[in-house]
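Student: I would like to learn how to read contacts, cores, sheets and helices from a set of coordinates. Could we work through one case?

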Amino acid sequence: MKSAPLAVALALAAASCAREQAPAVAAPAGCAQGAIWSHGHWRSQRGSCMEIPEWEVRELERDLYILRQSPCASYEKPFVFLVFGSDRALLLDTGAGKDNHLAATLAHVVHQWLERTGRSSISLIVAHTHEHDDHTAGDADLAALRVPELSVTVTALELEATKRLFGIASWPADIGHLELGGRTLDAIPIPGHSKLSIALYDRQSGIVFSGDSLYPGRLYVSDFPAFEASVDRLVRFTADKPVAHVLGNHIEQTSTPFRDFPIGTIFQAEEHELALSRGALLELQAALAAAHGAPHRLALRDFTIWPTGPGFTDAEEIKRATRFIEDQERAKWSPPQPAGRHGGP
Ligand SMILES: [Zn+2]
Ligand SMILES: [Zn+2]
């Protein structure tokens, strides 16, 4: 979603590799090797801001890392992703908040990876799922990072740079690619949540990185027709490919079907798993089609379609959310609450 004030103003059901795919579709290498994403609980579900690291780092499988920002730094607690090929690495997004210390954490993770692989250096491309500031705030720090073993190139937040990086000639119709060395990512333009939204498909793991366009939470849609076309495009693209998981940028959904946490919730006890299956994408497509071009807010089992813009914002709702965010900020240094305390949408 967007940054805090704007969000207010606008107000892994882990499918097994085998189960979700048609028999004719080969499982990706990661699945074939039996690499299972053990999701478990993130420390940011509960605890104290005194003890939660600024970034929690996990290796989903070999050469693929997921990092989650502390809820104490930003209630958005976005995820960012780090993917290594043999020639270069990709950092997808840079988190929320100025001085978010992602650059230091990243340098540490890369250093460990280089030690493990016996290499002395690697180049890193920084790209973005989209241009919103809760996913791009660390760009300047990354660009300024001076570490001998790591050369960093940050992709500019504009359409031409995005097209150039992925080799996309015609936006949004074309599919682009990024070669990391023995590892190819496909880039599927999916504007609708924002102008520059893009999904990446990692052929090796079978993971679709879906940004803010599909995740267990509130799918804010600023351009409904574009979003509908984008979802259709992603469905078509994945139709003949194994999809192990769809990983978005946030979790705002509780583990109870149809219920999200209030906007601004810091600690999310009993939150939904991050990963969705391709089934969620199909459900999203069907729900959009059923709206017949008349956008409206719609809560589904694992996410909510949430049109934004004039006519979709309730002043009372904004006031309530603003008060809730202020209360959450004041309380975040207090001792942990018992598990299971959360509100509804
Ligand atoms: Zn976001
Ligand atoms: Zn966003």
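Student: Which residues does Ala-199 touch, leaving out those up to four places away in sequence?

Tutor: This is a predicted model. In it, Ala-199 touches Ile-188, Ile-190, Val-208, Phe-209, Ser-210, Gly-211, Ser-213 and Leu-234, with residues up to four places away in sequence left out.

Student: Where do such contacts lead?

Tutor: In soluble globular proteins, nonpolar side chains tend to be buried together. Here the largest nonpolar core has 68 residues, and Ala-199 is among those with the most contacts inside it, along with Ala-89, Leu-90, Leu-91 and Val-246. Strand β3, residues 79-84, gives the most to this core, with 6 residues. Over the whole chain of 345 residues, 47% count as buried.

Student: In what order do the strands of the open sheet lie, and what is the pairing?

Tutor: Strands of a sheet pair through backbone hydrogen bonds, either parallel or antiparallel. In this case 6 strands form an open sheet in the order β1-β2-β3-β4-β5-β6, and the pairing is mixed. β1 (55-61) and β6 (150-154) are the edge strands, each pairing on one side only. On average, and with direction ignored, neighbouring strands of this sheet are turned by 20° against each other.

Student: How many bridges join β4 and β5, and in which sense do they pair?

Tutor: β4 and β5 (residues 122-127) pair in the parallel sense over 5 bridges. Leu-124 in β5 is the bridge partner of Ala-89. Helix α4 packs on the sheet and touches β1, β2 (64-69), β3, β4, β5 and β6; its direction makes about 35° with that of β1.

Student: Which residues of α4 are buried?

Tutor: An α-helix has 3.6 residues a turn, so residues three or four places apart point the same way. In α4 the buried residues are Leu-102, Ala-103, Thr-105, Leu-106 and Val-110. They cover an arc of only 160° around the axis, so they lie on the same side of α4. The length can be checked too: at 1.5 Å a residue, the 16 residues of α4 should span 22 Å, which agrees with the 22 Å between its end C-alpha atoms. Just after α4, Gly-118 takes a positive phi of about 70°.

Student: Is Gly-95 buried or exposed?

Tutor: Gly-95 lies in the loop between β4 (88-92) and α4 (102-117). It counts as buried because 32 other C-beta atoms lie within 10 Å, where 20 or more are needed. Beyond four places in sequence, the residues Gly-95 touches include Gln-69, Pro-78, Val-80 and His-135. Gly-95 and Leu-67 are 28 residues apart in sequence and 9.4 Å apart in space, C-alpha to C-alpha.

How values were computed. Residues are numbered from 1 along each chain as its sequence is written. Chains are lettered from A and ligands numbered from 1 in the order in which they are written. This is a predicted model: local features need pLDDT of at least 70, side-chain atom pairs count only at pLDDT 80 or more; totals for chains, interfaces and linings use all residues. A nonpolar core is a set of buried Ala, Val, Leu, Ile, Met, Phe, Trp, Tyr and Cys residues joined through C-beta atoms within 7 Å. A residue is buried if 20 or more other C-beta atoms lie within 10 Å of its own, exposed if 12 or fewer, and partly exposed in between; C-beta atoms are placed from the backbone. Helices (H or I, at least four residues) and strands (E, at least two) are DSSP runs, numbered from the N terminus. Two residues are in contact if their C-beta atoms, placed from the backbone, lie within 7 Å. The expected span of a helix is 1.5 Å times one less than its number of residues. The arc is that of the directions from the helix axis to the C-beta atoms. Two strands pair if DSSP finds at least two bridges between them. Axes are lines fitted to C-alpha atoms, for helices over the stretch in contact, and angles run from 0 to 180 degrees between N-to-C directions.
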